[in-house]
Amino acid sequence: MNKHEVVFCIVNSGYAEAVMDSAREAGATGGTVLHASGTANPQAERFFGLSIEPSKDMVMILVDTTIKEKVLHNLYNDVGLQTAGQGIAFTLPVNDVVGLTPAPAKPKEEPKEKPAEESKQDE
């Protein structure tokens, strides 16, 4: 089982900080914001009954699986489609992570022994 998941939240431009505030309230520690452009068509606007802002912020948040549901719940309530942020959020599993904790220390190399000839010359 994966220990981490990445939460993607796509919101109208200017709502990235609201996404992070909501995620932090659920226990997330940080995220990465990418600026993007939406490509929804007019039928989608009519179907959802809202106007779609083409300028978007996409926030990627790496979370422990134990807080994923709380993060999604907060995002739905704070920046979901029924809010001014008009956000959607989804998660993907993460297999491996590096960089969250210090790398393990390298084993120290044993000093190489001098060849017998060199040690005699040193005397």
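Predicted model: local features only at pLDDT ≥ 70, side-chain atom pairs only at ≥ 80, totals over all residues.
1. Residues are numbered from 1 along each chain as its sequence is written, and side-chain values use heavy atoms, leaving out hydrogens and water.

2. Start with helices α1 (residues 16-25) and α3 (residues 68-79), which pack at about 140° with axes 8 Å apart. Helices here are DSSP runs of H or I, at least four residues, and strands are runs of E, at least two. The axes are lines fitted to C-alpha atoms over the stretch in contact, and angles run from 0 to 180 degrees between N-to-C directions.

3. Who makes the contact (heavy atoms within 4.5 Å)? On α1 these are Ala18, Val19, Ser22, Ala23 and Glu25, and on α3 Val71, Asn74, Leu75, Asp78 and Val79. They divide into six nonpolar, two polar and two charged.

4. Now look at the second largest pocket, with a volume of about 160 Å³. A pocket is an open set of points on a 1 Å grid, where a 1.4 Å probe fits, with protein on both sides within 12 Å along at least five of seven lines; lining residues have an atom within 4 Å of a point.

5. Strand β3 (residues 55-64) gives the most to this lining, with three residues. Among the lining residues are His4, Thr29, Asp64 and Leu100.

Methods
Contact = heavy atoms within 4.5 Å. Nonpolar A, V, L, I, M, F, W, Y, C, P; charged D, E, K, R; others polar. Points joined across faces, edges and corners; volume = space filled by probe spheres on them.
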